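Biologist: Please put the model on screen. I have some questions about its packing.

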Amino acid sequence: GGGVPRSKSVTFTRWLAVWFVDVMGLLSALDTQNFEQAMARLDVHMRLRKRLELDLETYREARRLLKIANDLSPTEIYDIFSPLSPEGIIFLLSALADDRANKYATLFVTQYQGQAKLSLTGNDLIQMGVSPGPVFQQVFKALRDARVNGLVNSKKDEISLVEKQFLQ
């Protein structure tokens, strides 16, 4: 094939991830106006600008929640870390340098992130009699929370939960 050899591609990907974390560190102290000015001066592509903006926003919220929270449930841990990109998680952990945050991040990456994968789809919900609309978000959040908390472990369990909570 005519692409970049895998070893060069992996090296570039690692470099880009490190670069992204470094840039987040440089930009994290800026307010919105100064952030926009920096993006304009650096002529950052809109897609990258939006990703930096989103990651910094979710980083700030995650940092705030981790600072005020005591014991977090699996769902709370998932809700804090899931909006963050992998680079956002790395930046958060480097900025906090906190054992508790490290523990929660490890739980998210090694357990909760994988457990949150749902079996049911929107089409499944429609076939079960759930009308499309905003209720879908509620159903999927309930299913995800049940998965993360270990209350639901299969498609059959998911169907049962939907029937009990949303179809009676």
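Biologist: Which residues have the most contacts inside the largest nonpolar core?

Modeller: This is a predicted model, where local features need pLDDT of at least 70, side-chain atom pairs count only at pLDDT 80 or more, and totals for chains, interfaces and linings use all residues. Residues are numbered from 1 along each chain as its sequence is written, and side-chain values use heavy atoms, with hydrogens and water left out. A nonpolar core is a set of buried (under 20% relative accessible area, 1.4 Å probe, protein chains only) Ala, Val, Leu, Ile, Met, Phe, Trp, Tyr and Cys residues joined through side-chain atoms within 4.5 Å. The largest one has 33 residues, and those with the most contacts inside it are Leu 27, Leu 52, Leu 66, Phe 81 and Leu 92.

Biologist: Which helices each supply at least two residues of this core?

Modeller: Helices are DSSP runs (H or I, at least four residues), numbered from the N terminus. Those that each supply at least two core residues are helix 1 (6-27), helix 2, helix 3, helix 4 (74-81), helix 5 (86-96) and helix 6 (99-115).

Biologist: Which residues is Leu 92 in contact with, leaving aside neighbours within four places in sequence?

Modeller: Leu 92 is among the buried residues of helix 5. Contact means heavy atoms within 4.5 Å. On that basis the partners of Leu 92 are Tyr 59, Ala 62, Arg 63, Leu 66, Phe 81 and Leu 84.

Biologist: How many residues does the second, separate core have?

Modeller: Its members include Leu 120, Leu 143, Val 152 and Leu 161. The count for this second core is eleven.

Biologist: Are helix 2 and helix 3 roughly parallel or roughly antiparallel?

Modeller: Axes are lines fitted to C-alpha atoms, for helices over the stretch in contact, with angles from 0 to 180 degrees between N-to-C directions. The axes of helix 2 (residues 32-42) and helix 3 (residues 46-68) come within 11 Å and cross at roughly 155 degrees. Angles under 35 degrees count as roughly parallel and those over 145 as roughly antiparallel. The pair is therefore roughly antiparallel.

Biologist: Which residues of helix 2 and helix 3 make the contact?

Modeller: From helix 2 come Phe 35, Glu 36, Met 39 and Ala 40. Helix 3 contributes Arg 49, Leu 52, Glu 53 and Leu 56.

Biologist: Is Arg 147 buried or exposed?

Modeller: Arg 147 lies in helix 8. Among the residues that Arg 147 touches, not counting those up to four places away in sequence, are Gln 115, Leu 118, Val 152 and Glu 158. With a relative accessible area of 11%, Arg 147 is buried.

Note on methods
Angles under 35 degrees count as roughly parallel, over 145 as roughly antiparallel, 65 to 115 as roughly perpendicular and the rest as oblique. Buried means under 20% relative accessible area, exposed over 50%, partly exposed in between (1.4 Å probe, protein chains only).
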